[in-house]
Amino acid sequence: MPDRRRKSRLAFDNVGLKPLIRKARLVLLDPLHSNPRLPWAQAINDAQSRLQPLQPIHVQVDVAGLSRALRLVWMSDLHAGPTTGDVIIEQAARAAAAFEPHVLLLGGDYVYYDAHAVERLRPLVRRCAGSLATLAIYGNHDCYAKRTPVMSVLVEEGAVELCNASRVIEGLHVAAVDDYAFGEPDGAAALRDVPADAPLLFMTHNPDAIVELGTRRAALSLAGHTHGGHVCLPNGRPLLMPTQLGYLAGRYETRWGPLVVSRGVGSIDVPFRTFARPDVLLVELRPLR
Ligand SMILES: [Fe+2]
């Protein structure tokens, strides 16, 4: 497997601050890695969430070959852990449940480093469950934690694990790959049972893994991972660029079809975001007439 783990770029690479920033991250983050709850950090996160609430984003796509309209919710990067408060999780749950999704899509990074924190997400998964299905994929933080216990809790609440595999829901083929950097993504396996002309929705935690589609085009691909940069300058430029292909947030037209990248819900490393507002995607797929 090629090493994809060191591909992040720092915005200040060209002015020699990279070693300093890396050192500061190590020193500052070490206590967080071993601390499942930090009340002061969660209070900061809660305060920001009240001042600048999560943004529900509506996405509409006409899909050839689809037999009926479908409502999907894509929710990613919940990051239950020391720097994500309960307020933003509640806002995400409320937005998703109000949309009454046929399918709930969970886009990975359920925790920060402690797998047990996934327990905080049980009520959300139950409350927002899709009427037809709830599907869950892996993110890099689920690989840092113990992925089996994380996924087990989601499965207990009704989710179906989707990893290098596909499912058919009302004629829509939904395919997903494992995490791009710390899992074993296999696009060929994910697409093995998807006919060439079938309506296809592609799920990947890391938007860079859209390359796993190979020569296929999806009606829509959904991704998270980037947090929209998480800590950005006022011009939207992130301090740490989390994607090699430049798919930071929003909608992109790619050679593999349209891609929408969510900024996700929770926080890591620091209990706040700047110029990278949390969101969930409310996706309407309509049959192309
Ligand atoms: Fe994340």
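Which residue in β13 is the bridge partner of Leu222? Keep that in mind, and you'll meet the answer at the last stop.

**Before you click**

You're looking at a predicted model, where local features need pLDDT of at least 70, side-chain atom pairs count only at pLDDT 80 or more, and totals for chains, interfaces and linings use all residues. Residues are numbered from 1 along each chain as its sequence is written.

Start with the whole protein chain, coloured by secondary structure. There are seven helices and 14 strands; helices (H or I, at least four residues) and strands (E, at least two) are DSSP runs, numbered from the N terminus. Of the 289 residues in the chain, 48% are buried. Here, buried says that 20 or more other C-beta atoms lie within 10 Å of a residue's own, exposed says 12 or fewer, and partly exposed is in between, with C-beta atoms placed from the backbone. Two residues are in contact if their C-beta atoms, placed from the backbone, lie within 7 Å. Among contacts between residues at least 6 apart in sequence, 79% join residues at least 24 apart.

**Stop 1: helix α2**

Select residues 39-51. The expected span of a helix is 1.5 Å times one less than its number of residues. For the 13 residues of α2 that gives 18 Å, and the end C-alpha atoms are 18 Å apart, so the two agree.

Now show side chains. Ala41, Gln42, Asn45, Gln48 and Ser49 are buried. They sit on the same side of α2, because they cover an arc of only 120 degrees around the axis (the arc is that of the directions from the helix axis to the C-beta atoms). What do the buried residues of α2 pack against? Select 86-98: that's α3.

**Stop 2: helix α6**

Next, select 147-156. The buried residues here are Arg147, Val150, Met151, Val153 and Leu154. Seen down the axis of α6, these fall within an arc of 155 degrees, so they line one face of the helix. Thr148 and Glu156 are exposed on the other side of α6. The buried residues of α6 pack against several elements, including β4 (103-106), α4 (122-127) and β5 (133-136). Just after α6, click Gly158, which takes a positive phi of about 110 degrees.

**Stop 3: a six-stranded open sheet**

Trace the order β2-β14-β3-β4-β5-β6; these six strands form an open sheet with mixed pairing. Two strands pair if DSSP finds at least two bridges between them. At the edges are β2 (55-63) and β6, each pairing on one side only.

- β2 and β14 (279-287) pair in the parallel sense over nine bridges; the partner of Val59 in β14 is Val283.
- β3 (70-75) and β14 pair in the antiparallel sense over five bridges; Val283 is the partner of Leu72.
- β5 and β6 are parallel, with two bridges; Leu135 stands opposite Val160 in β6.

**Stop 4: the nonpolar core**

In soluble globular proteins, nonpolar side chains tend to be buried together. A nonpolar core is a set of buried Ala, Val, Leu, Ile, Met, Phe, Trp, Tyr and Cys residues joined through C-beta atoms within 7 Å. The largest one has 78 residues, and Val73, Ala92, Ala96, Leu105 and Val280 touch the most other members. The largest share of this core, six residues, comes from α3. Click Val73: leaving aside neighbours within four places in sequence, its contacts include Ala96, Phe99, Leu105 and Val280.

**Stop 5: a loop residue**

Go to Arg192, in the loop between α7 (187-191) and β9 (200-203). Is Arg192 buried or exposed? Arg192 counts as exposed, because 12 C-beta neighbours lie inside 10 Å.

**Stop 6: the other sheet**

Finish with β7-β8-β9-β10-β13-β12, six strands in an open sheet with mixed pairing. Its edge strands are β7 (165-169) and β12, each pairing on one side only. Five bridges join β12 (250-254) to β13 (257-261), and the two run antiparallel. A hairpin joins them through two residues, and Glu253 stands opposite Pro258 in β13.

Now for the opening question. Three bridges join β10 (220-223) to β13, running parallel, and the bridge partner of Leu222 is Val260.
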